[in-house]
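Please take a moment to look at the sequence and the model below. The paragraphs that follow walk through the structure, starting from a single residue.

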Amino acid sequence: MDNRQLEVFVAVAREGSFTRAGAQLHLVQSAVSATVAALEADLGQRLFERTTRQVRTSAAGETLLPHAISILDAFQAARDAVRSVGAGLAGSLRIGYLTNVTLFDVPGLLGRFAIDHPDVTMHLAPAASGTAGLAEALRRGDLDLAFLSASPLDYPDLDVDVLATSPLGLAVGRTHPLAGQRSVALADTAALRFADLREGFATRTLADVEFHRRGLRREVRIETSDINDTAALVRNGLGVAFLPQYLVEDDDGVHWVEIEDAALVMSVSIATARDRRLGAAASRLAEIARAGIWAEVRTDS
């Protein structure tokens, strides 16, 4: 068992395909298959269950995967440490983020980091399935760190630090009957027609959990995967939505109504896997984000 075999194994496990893993690693499929076969022979276990439609890790593969990821992380950390001697940080970062969430200036942070550490390559992964998807990617080792919407209590297996918050309220169009109100009880919103983000996105989860806790039900008629699209749906009268105040407070087409009996708050946080060792570059980026150092430097520049 060697480092290259583990790299190929992890790629196949993540991609669920020998062909896609080969494309990622710039290997032909036959080379990927041969490498996996050699690793399976060495371990005396089948690592994948293969069908005509998909490739899944076997029980042995599931057992090996977190150890393989840890070994590869250690190799990468060693490379990065050696490269950085006398030359500053180097290496690569895999960063997950929420698209179109501007409550915290992630591009500004990354821009400052890139100026200070030009030899670090950043690979950005947008959240196709929201905060829940980013959290799972951290657990699998697909990401080094992620900017997501969560509190430390939401994901006890991750290291989560809140960077910014905004209250969550009911957003309605300017011609909606509630447009003249400053606040509303949560129960009084249950019968309304909702537009919302898909399940797995944090603001959707916050609302769903609170409704369930109170024994309330609501109907979501339209789902999106972009928070700006949700605001646009509200603006055009296609529904109401639970949205953060920062997003719509300057929107002339949307009225934001406080929820008077529920303290719903959207957070933007930085998260890393608790059981994985961060490389030097990831540690530095997380440190800057958590300390707010970048914002101070950016202001002074």
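Arg218 lies in the loop that runs between helix H7 (202-213) and strand S9 (219-224), where helices (H or I, at least four residues) and strands (E, at least two) are DSSP runs, numbered from the N terminus. Because its relative accessibility is 16%, Arg218 counts as buried; buried means under 20% relative accessible area, exposed means over 50%, and partly exposed is in between (1.4 Å probe, protein chains only). The side chain of Arg218 makes a polar contact with the side chain of Asp196 at 2.7 Å, and another with the side chain of Asp208 at 3.0 Å. A polar contact is a pair of N or O atoms within 3.5 Å; within protein, one must be able to donate a hydrogen and the other to accept it, and residues adjacent in sequence count only if both atoms are side-chain atoms. Residues up to four places away in sequence being left out, Arg218 touches Ala190, Phe194, Asp196, Arg204, Ala207, Asp208, Phe211 and Phe242, contact meaning heavy atoms within 4.5 Å.

The model is predicted, so that local features need pLDDT of at least 70 and side-chain atom pairs count only at pLDDT 80 or more, while totals for chains, interfaces and linings use all residues. Residues are numbered from 1 along each chain as its sequence is written, and side-chain values use heavy atoms, with hydrogens and water left out.

Seen as a whole, the protein chain has eleven helices and twelve strands, and its C-alpha atoms fill a box of roughly 70 × 55 × 30 Å, taken along the principal axes. Of the 301 residues in the protein chain, 47% are buried. Among the contacts in the chain with a separation of 6 or more, 70% are between residues 24 or more positions apart.

The contact is made by Arg4, Glu7, Val8, Ala11, Val12 and Glu15 of H1 together with Phe18, Arg20, Ala21, Gln24 and Leu25 of H2. By class, this contact of H1 with H2 has six nonpolar, one polar and four charged residues, where Ala, Val, Leu, Ile, Met, Phe, Trp, Tyr, Cys and Pro count as nonpolar, Asp, Glu, Lys and Arg as charged, and the others, Gly among them, as polar.

H2 also packs with helix H3 (residues 29-43), at an angle of about 105° and with the axes 8 Å apart, which makes H2 roughly perpendicular to H3. Here Phe18, Thr19 and Gly22 of H2 meet Gln29, Val32, Ser33 and Val36 of H3, and the residues divide into three nonpolar, four polar and no charged. Back in helix H1 is Gln5, which is buried, with a relative accessible area of 14%. Gln5 and Leu39 are 34 residues apart in sequence, yet 6.3 Å apart in space, C-alpha to C-alpha. Leaving aside neighbours within four places in sequence, Gln5 is in contact with Thr35, Ala38 and Leu39.

Just after H6, Gly141 takes a positive phi of about 85°. Strand S5 holds Leu145, which counts as buried at 0% relative accessibility.

Definitions and conventions: Axes fitted to C-alpha atoms, helices over the stretch in contact; angles between N-to-C directions. Parallel < 35°, antiparallel > 145°, perpendicular 65-115°, else oblique.
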